[in-house]
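Colleague: I would like to learn how to read aromatic pairs and helix packing. Please start with the terms.
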Amino acid sequence: MRDLLFIECTPKKDDIREGIVLHEFLNMTDTGYRGRFELHEISSKNKLISLLEDKEYLKSFKGIHLSGHGTNEGGRLGFKLPHGVLHPDEFPRGCFNDKIVGFSACDLGKIDFCRNLLGNTGFKCFIAPQRGVKFMDAAIWFLTLYYLYVGCNKQIWTAYNETNEKFNALVKGAFQYYEP
């Protein structure tokens, strides 16, 4: 089983795309990690849904990390892609079953998004920022989390707590951890 699937959904014009940075950095830290991570760059809602509907493919990963932007249109939170917005009720049913899911997207750590996403996708745990977050803050925070989880073989809850303790006062975003 592979560790993490990174799905980069930030527009190319943004230059710095956090999912790519995480994938590349974790791959170069130790040759023993090669093949444990995979990266997909996706720009449309339909292509993301199509990938998330492939349950056989997703079974091979312990976790999925989505990098992009959060949006709040008329009080409705969603994951914004360059072409479309995916709301919690639009994610394929069961696509995150028993998976660790990280969303590096502003505001998606708010409880409303998490509850609605859980009801549809069945994640094991969900980690995301509750507020706006800068690229560098998100990259450092998630890189530390995944390094502790994968590189140091820590349980995800322990990795989350240690990452939060190290960076709570330093990074913005108020990263939240949710378990059903």
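Modeller: Buried means under 20% relative accessible area, exposed over 50%, and partly exposed in between (1.4 Å probe, protein chains only). This is a predicted model, in which local features need pLDDT of at least 70, side-chain atom pairs count only at pLDDT 80 or more, and totals for chains, interfaces and linings use all residues. Residues are numbered from 1 along each chain as its sequence is written, and side-chain values use heavy atoms, with hydrogens and water left out.

Colleague: How many aromatic pairs does a search of the whole structure find?

Modeller: Rings of Phe, Tyr and Trp (its six-membered ring) pair if their centres lie within 6.5 Å; planes under 30 degrees apart count as stacked, over 60 as edge-to-face and the rest as tilted. Here the search finds 19 pairs. One of them, Phe 103 with Phe 126, is tilted, at 5.4 Å centre to centre and 45° between the planes. Phe 103 has a relative accessible area of 0% and is buried; Phe 126, at 0%, counts as buried too.

Colleague: What kind of pair do Trp 141 and Phe 175 form?

Modeller: A stacked one, with 4.2 Å centre to centre and 5° between the planes. Both Trp 141 and Phe 175 are buried. They belong to one aromatic cluster, whose members include Phe 6, Phe 37 and Tyr 177.

Colleague: Which parts does this pair tie together?

Modeller: Helices (H or I, at least four residues) and strands (E, at least two) are DSSP runs, numbered from the N terminus. Trp 141 lies in helix 5 (residues 135-151) and Phe 175 in strand 9 (residues 175-178), so the pair ties together parts 34 residues apart in sequence.
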